Amino acid sequence: MENFKAYPLFNEVEDKELQARNRAIILANISEDHKTPEKKISVKGAALIMGYFQKIPQEDRKEIASLYSKEMTKRGFAIVQ
């Protein structure tokens, strides 16, 4: 199994839907692990999220980003522009 800084990438999971869900959950967990009291993501957290995302194949990123966004909303985070 390939990892990014100890975070699993789930490359061995054959079910693409499950694989995408798992990756989105990992990204949300990274976000929560590196949040400030104001529920903003720290610089270190942002770097980990970007690094993890770069390890995901290009063709899967749009779906993962959508699932990640939905999971973050469920966890009480807001996207600001």
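Let's start with Arg75: leaving out its neighbours within four places in sequence, Arg75 is in contact with Ile25, Ala28, Asn29, Glu32 and Lys39, where contact means heavy atoms within 4.5 Å. One word on what you're looking at: this is a predicted model, where local features need pLDDT of at least 70 and side-chain atom pairs count only at pLDDT 80 or more, while totals for chains, interfaces and linings use all residues. Residues are numbered from 1 along each chain as its sequence is written, and side-chain values use heavy atoms, with hydrogens and water left out.

Back to Arg75. You'll find Arg75 in the segment after helix 3 (61-74); helices here are DSSP runs of H or I with at least four residues, strands are runs of E with at least two, and both are numbered from the N terminus. Is Arg75 buried or exposed? Arg75 counts as buried because its relative accessibility is 19%, and the cut-offs are under 20% relative accessible area for buried, over 50% for exposed and partly exposed in between, with a 1.4 Å probe and protein chains only. The side chain of Arg75 also makes a polar contact with the side chain of Glu71, at 2.8 Å. A polar contact is a pair of N or O atoms within 3.5 Å; within protein, one must be able to donate a hydrogen and the other to accept it, and residues adjacent in sequence count only if both atoms are side-chain atoms.

Another charged residue, then. Asp60 sits in the loop between helix 2 and helix 3, and Asp60 is buried because its relative accessible area is 16%. Beyond four places in sequence, Asp60 is in contact with Lys16, Gln19 and Arg23.

Now the core. Of the 20 residues in the largest nonpolar core, Tyr7, Ile26, Leu27, Ile30, Tyr52, Ile64 and Tyr68 touch the most other members. Such a core is a set of buried Ala, Val, Leu, Ile, Met, Phe, Trp, Tyr and Cys residues joined through side-chain atoms within 4.5 Å. Helix 1 (16-33), helix 2 (43-55) and helix 3 each supply at least two residues of this core, and helix 1 gives the most, with 6 residues. Take Ile30: not counting residues up to four places away, Ile30 touches Tyr7, Gly45, Leu48, Ile49 and Tyr52.

Ala6 is not a glycine, yet has a positive phi of about 75 degrees, and Ala6 is exposed, with a relative accessible area of 68%. Phe10 also has a positive phi, near 60 degrees, but Phe10 is buried at 15%.
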